[in-house]
Amino acid sequence: MKEKIKTILPYVDLPLIILALYMVFIYAPTDSYMGDIQRIFYFHVSFAWVGFLSFFCNFVGSIMYLIKKERCWDILAVSAAEIGIAFCLIVLTTGPIWARPVWGTWWTWDPRLVTFLILTFMYAAYMTVRNAIEEETKRARFAAVIGIIAFLNVPLTYLASHLWRTIHPDVIRPGGKWGLDPAMTATLRIAVPAITIFFVILLLRRMDLEGMRDRVAELKKKIMKEA
Amino acid sequence: MGYYFKKVFLIAAKDLRIEFRSKEKIYSMMLFSLLVMVIFNFAFEPGAEYIKDVAPGILWVAFIFAASLGLSRSFVLEKEEDCMQGLMLSPLDRSGIYLGKVIGNFIFAMVIELISLPFFAVFFNLSLTSALPPLMIVIVLATFGFITVGTLFSALSVGIRGGDMILPLLLFPMQVPVIISAVKSTGLIMAGSGIDTYSQWLKLLIAFDIIFFVASFVIFEYLIEE
Amino acid sequence: MEGGLYYLFLAYTILWVVNFGYIFFLGKRYKDVQKELEHLEKIISGK
């Protein structure tokens, strides 16, 4: 069953991504204020949402690991964190590229941007810690502690940078309140699931990889014992 | 219950006694905090008027750098002399070890900050006397928030190779809400604004303190099971 | 917006480069581990 889903998913997702691309570039109307550059928005938002989702998966995996002490939860946590970092990189590059023509500056200390930047830093540290620990159960335990604390910090970081910005002199018009055209909403409704399924595909593959590594370590131990 | 807290305070007192006796950590943290303030001054025009706007930021960078220097040593002694085993064998659950360490680290950081504060006033030519009571509230709240997560990560980093390099990587992004709130409220207090202008920052600091104190208190147990 | 298309092109290029880069990186590790696994299994069955 699980294997079946794994093989079917890419065939479901590929047409969905193509449809999303078609809608983004052809179906959705050009934004009257921002122009063509606004077409980044759909995929930018999708990746931001999935990046956040992957850190939530890491959070769940971390808590469950500390409770159950089962390797599979650690596998979920590490796989989700790695993909989350990759997706955050996409969010953090497409964001400034959009901001440059629209706001006239590459980087703004927008609360969402700040939160994603800090999130990326935290999970980069998470991966650094994992790489520094050899012993498997200790690595899983320490990583789970960081995963939980880091995720709890997300709302506070957002809130702090939000309050900070509203008090700070505002040189840039916030792009928040534009009315979305129905065609734009429809496009977003296709793009988000397309990227979410893409995330699930990557996540399952990444978890497989971790499982295979376990097999390798197991076999190595066996051979060492026999030798 | 009283027995539990007695043990907790014993751990905190033990840590403080060691540090105040050897003085090595006190001196290095003190000097470090002063050096940050001095070095930052060179980044700005001498005597410029805008120095008052950036002063709160410099103060908190100095405090937080000095505190993380201290935190990185918090569990090193226990590790070097194998005292962690002894602590874990003591009739006190692990959360008690965390609590004791937090109290010790908090008092220690507060001492360093209170000694640095007059130097800060002198270097930046500020009169802090009228602003002192609200400023103390901010310092206590922000330092406590910094120490709760800091103590947890400090215990974590002694268990890893190259942990002293990794600790700041973990700590600084975690402290972003504390740093923002502390800097903003300090700035408002020094400008003489009323409490209603910075009460939201105090609320944020209190929320941070509670969330991370409770979370670290619960999680610490999982960290040192060996 | 002046040069909007240029930025749009840039953004989508980076987006797909990062994605395919990650897929490639994942696939490479997958293949390496698979090879190692086969190698180890051969050693074990050979004994």
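**Note on chain contacts, helix packing and selected residues**

1. Two pairs of chains touch in this assembly, and the pair formed by chains A and C has the most contacts. The model is a predicted one, and the remarks below should be read accordingly.

2. The interface between chains C and A involves 25 residues of chain C and 29 residues of chain A. On the side of chain C that touches chain A, 17 residues are nonpolar, three are polar and five are charged.

3. The contact between chains B and A draws 26 residues from chain B and 25 residues from chain A. On the chain B side, two or more residues each come from helix H7 (132–158), helix H8 (163–174), helix H9 (176–190) and helix H10 (195–223) of chain B. H10(B) gives the most to this side, with nine residues. By class, the chain B side comprises 20 nonpolar, four polar and two charged residues.

4. Chains B and C do not touch: 24 Å separates their nearest C-alpha atoms.

5. The mean pLDDT of chain B is 88, and 99% of the residues score at least 70. Within chain B, helix H5 (residues 83–89) has the lowest confidence, with a mean of 76, whereas H7(B) has the highest, at 93.

6. H7(B) also takes part in a helix pair within chain B. Helix H3 (residues 51–73) of chain B packs with H7(B) at an angle of about 35 degrees, and the two axes are 9 Å apart. The crossing of these helices, H3(B) and H7(B), is right-handed. From H3(B), the residues B:Ile64, B:Ala67, B:Ser68, B:Leu71 and B:Ser72 meet B:Phe146, B:Gly150, B:Thr151 and B:Ser154 of H7(B). The contact of H3(B) with H7(B) has four nonpolar and five polar residues, and no charged ones.

7. The largest nonpolar core contains 134 residues, and those touching the most other members are A:Ala77, A:Tyr126, A:Ala143, A:Val145, A:Ile146 and A:Ala191. Helix H3 (residues 71–103) of chain A supplies the largest share of this core, 17 residues.

8. A:Ala77 may be examined individually. When neighbours within four places in sequence are left aside, A:Ala77 is in contact with A:Asn58, A:Gly61, A:Ser62, A:Tyr65, A:Ala143, A:Ala144 and A:Gly147. Among these partners is A:Ala143, which is itself listed with the core residues that touch the most other members.

9. A:Cys57 lies in helix H2 (residues 40–68) of chain A. This residue counts as buried because 21 C-beta neighbours lie inside 10 Å, and burial requires 20 or more. Not counting residues up to four places away in sequence, A:Cys57 touches A:Leu76 and A:Ala80. A:Glu70 is 13 residues from A:Cys57 in sequence, and their C-alpha atoms are 16 Å apart in space.

10. B:Ser95 is placed in helix H6 (residues 94–123) of chain B. B:Ser95 has 16 C-beta neighbours inside 10 Å and therefore counts as partly exposed, a class that falls between the limits of 12 or fewer for exposed and 20 or more for buried. Residues up to four places away in sequence aside, B:Ser95 touches B:Phe217, B:Phe220 and B:Glu221.

Conventions
Residues numbered from 1 in each chain as written. Chains lettered and ligands numbered in written order. Predicted model: local features only at pLDDT ≥ 70, side-chain atom pairs only at ≥ 80, totals over all residues. Contact = placed C-beta atoms within 7 Å. Nonpolar A, V, L, I, M, F, W, Y, C, P; charged D, E, K, R; others polar. Helix = DSSP H or I, 4+ residues; strand = E, 2+ residues; numbered from the N terminus. Axes fitted to C-alpha atoms, helices over the stretch in contact; angles between N-to-C directions. Left-handed = near helix turned anticlockwise from the far one by under 90°. pLDDT = per-residue confidence, 0-100. Core = buried A, V, L, I, M, F, W, Y, C linked by C-beta atoms within 7 Å.
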